Amino acid sequence: MDVGLAPPVQQRGGLPTALLLFMVIWFIAGSDVNQMTTTQYYDALASAKNIQGNYSAWLTGNATDFEQDVVPRSVDALVRIILPFPAPIMDGARSSYWRNITGFWNGTAQFCNLSSTPTETLPKIWAPLAEQLAAEVNQTEARDHLGTWRWDKIQTTSFRINDVKATGFDDLQTVSGHLDLEQATDILKFQFDGVHIPSIGAVYALMNPNGYSPDVRQLSGLVPEGWRNATAHAVDKQLRDHVAKLSQDLFFGGGIESNSEVANTDDSTDPTCTFSLYANIASSAIDTDAMAEVEAELRTPTGMSTAIAPRLRMDGVMISHRCAAMVRLNDITGLRADQFWRRVSSYAGFASLLYLGMLTLLVRQMESTRTPAGISGVSRWPFVFQSIMDSFSATSHAMFGVLTQNRASMSMLAPGFLACILALMFEVRFTSLIHRIQAPEDALALTPPPTPPTPATAAGGTVSPTGTTPSATTRTPRFLGLQRLLNSMTDPDTKFWIILLFLFIFILQMTLSASFLLVTVTLLHSLWVPQIVRNVKRGTRKALDKRYVVGTNIFAYPENIVFIEANRAVYLLLAWLAFQVLVLIGQEYFGASFFIPKGWVKEPDIYDYHPILPLPDPEAPEQSLGDCSICMEPILIDGGLGVPTSEKDHGSSSMRGDENIATREGHEAALCLHPVLAYHAHDVSGEVDEGKERVPELSDAAASLII
């Protein structure tokens, strides 16, 4: 009786199982998440309605739980001494204020603790006011509110302002944004809301640190008397709009904004001081009508000729009367958002042209080194480093374009796309081609030389000619597990892509770390060092085209679009890059080891493709060095009896004579010692010859000659 084998049971794949588990977890947790989100919306909406209702009742004089804080007179007097009282423009034909200050600001900041700073170190004009303010403060509470953050280490500040015209008010605009107080190693973030009064060029705002939203109901107490009523009603309208937005989000869905009753941090040592911001915008030297034209052209570009946009500048002070602390904001310069996005668009165009030029240079370089002889002299590591940097650049440009929703977003996608094409479709593929062609060479270099057998001594004292010493040991290679893993990947392209991916992730993590940033940047900009070393080892004079080497290192944009503080160390980096380029060019003209003292490195045994050939008999009818082994045309010397027609088509292929030898410029000699015209030099030696044009149809003939 025959017993048949049972059919194999088909196992479920790992991916369908993972998807099934994910769907089960999603459906189980979905109802709880939606219920929790709905509860948060109802709580936020109820709180916002309560806040707005109390404030509206206070405005109309009805009973309410809201009480407005009274700003101490010492604070107001101290501010007016540090900052002059804002005044309107008296002559609109001579000067004017910016009406919209939406943009990016930065400058210097200086902290002053009014409760602990000796009065002798303060300016005499406002030292009594500081002493009076410190006397009204509970010192223990003030220290707790200041926290453990090193206020005395503040150096600079940067912030963004969003300036929106308040509906129904002619001379009042609401401002909001985020302000950063920056140390050398830390940043304290503030969120602020306030008003901008364009007629007097003044900004008043309330600020809270670490994610706290300020209570805008206290804002009307900061502004001058003439604008308090308008500010109070503008705040009431802002609260009503907030309630309407929460109601709409509850119906349609959306995100919940943070409010003043919920903090985003649980660390009790973080600062909790509430600050008031007072700032005066500097007036410009153009008239009011010209300023209106400038702002209209920046907002909606039409190509109209306008006055030069004046510099946007302000001075300000942050003061907290509950903590007796003050931060002076000095020489704050601004860049309007309209100007910034125009600058971003200009940068995107410049970067797109740059990457297009680099792409053209790389294609020409790949064309000039397309033979195995040419690729054997090229190091793969410069292209690995460039592909990593270009991949990082493509990711950065794409993220900038996607995350920033403005009129310059689409323009930033263009250089990101070109950088992605350059990195993934050309540099990585060319690197993979170099890797495959040089793989046998690398395998031969890693293979240890064979150890000759050691004769073994027999028992009778005789030596066995074929025996080996039984105690011989085999050296265990380093990183054996890693080598086995890499050797298990039979496809060289797959192996290379995996190595490149891990290298990109590793360098990206090092870039994000402040301690390794300098090392990583220096390593990535040492991209030509492997090529210099390979030239020395192989004796190669010119593996890469000068145009490619120089062209891929010339890039700069005069403006700063990411608000990174300039560092003079970048000039050292540029000098290091220029030094590498000069060494590569020097290797082409003076030899691969020209910068190394003689005797320090052994000259490689390489074939000279430009030997010195003896001149023919001067009485011969044709002054020729012989026939070219590829096109079979004579290699003539200057002063010959005639120039063949084919030589005119090829260009200048004649030789210059010097006594009884021929110079090296117009010929090469193949491995079979047959002379070849310089026109076909690259087909024989693989060296780049940028001064002559090549005929692609002759490549097969050159390859067959070498074989």
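Visitor: What makes Asn138 a cap for helix H4?

Guide: A side-chain oxygen of Asn138 lies 3.1 Å from the backbone nitrogen of Thr140, at the N-terminal end of H4 (residues 139-146). A polar contact is a pair of N or O atoms within 3.5 Å, one able to donate a hydrogen and the other to accept it. Just after H4, Gly147 takes a positive phi of about 70°. By the way, this is a predicted model, where local features need pLDDT of at least 70 and side-chain atom pairs count only at 80 or more. Residues are numbered from 1 along each chain, and side-chain values use heavy atoms, leaving out hydrogens and water.

Visitor: Which residues make the contact of H7 and H9?

Guide: Contact means heavy atoms within 4.5 Å. Among them are Phe340, Trp341 and Tyr347 of H7, and Phe383, Asp390 and His397 of H9. The residues of this contact divide into nine nonpolar, two polar and one charged.

Visitor: How do you know whether Asp545 is buried or exposed?

Guide: Buried means under 20% relative accessible area, exposed over 50%, partly exposed in between. Asp545 has 4%, so Asp545 is buried. Asp545 lies in the loop between H14 (529-538) and H15 (546-551), and a polar contact of 3.1 Å joins the side chains of Asp545 and Arg547.

Methods
Helices (H or I, at least four residues) and strands (E, at least two) are DSSP runs, numbered from the N terminus. Ala, Val, Leu, Ile, Met, Phe, Trp, Tyr, Cys and Pro count as nonpolar, Asp, Glu, Lys and Arg as charged, and the others, Gly among them, as polar. Buried means under 20% relative accessible area, exposed over 50%, partly exposed in between (1.4 Å probe, protein chains only).
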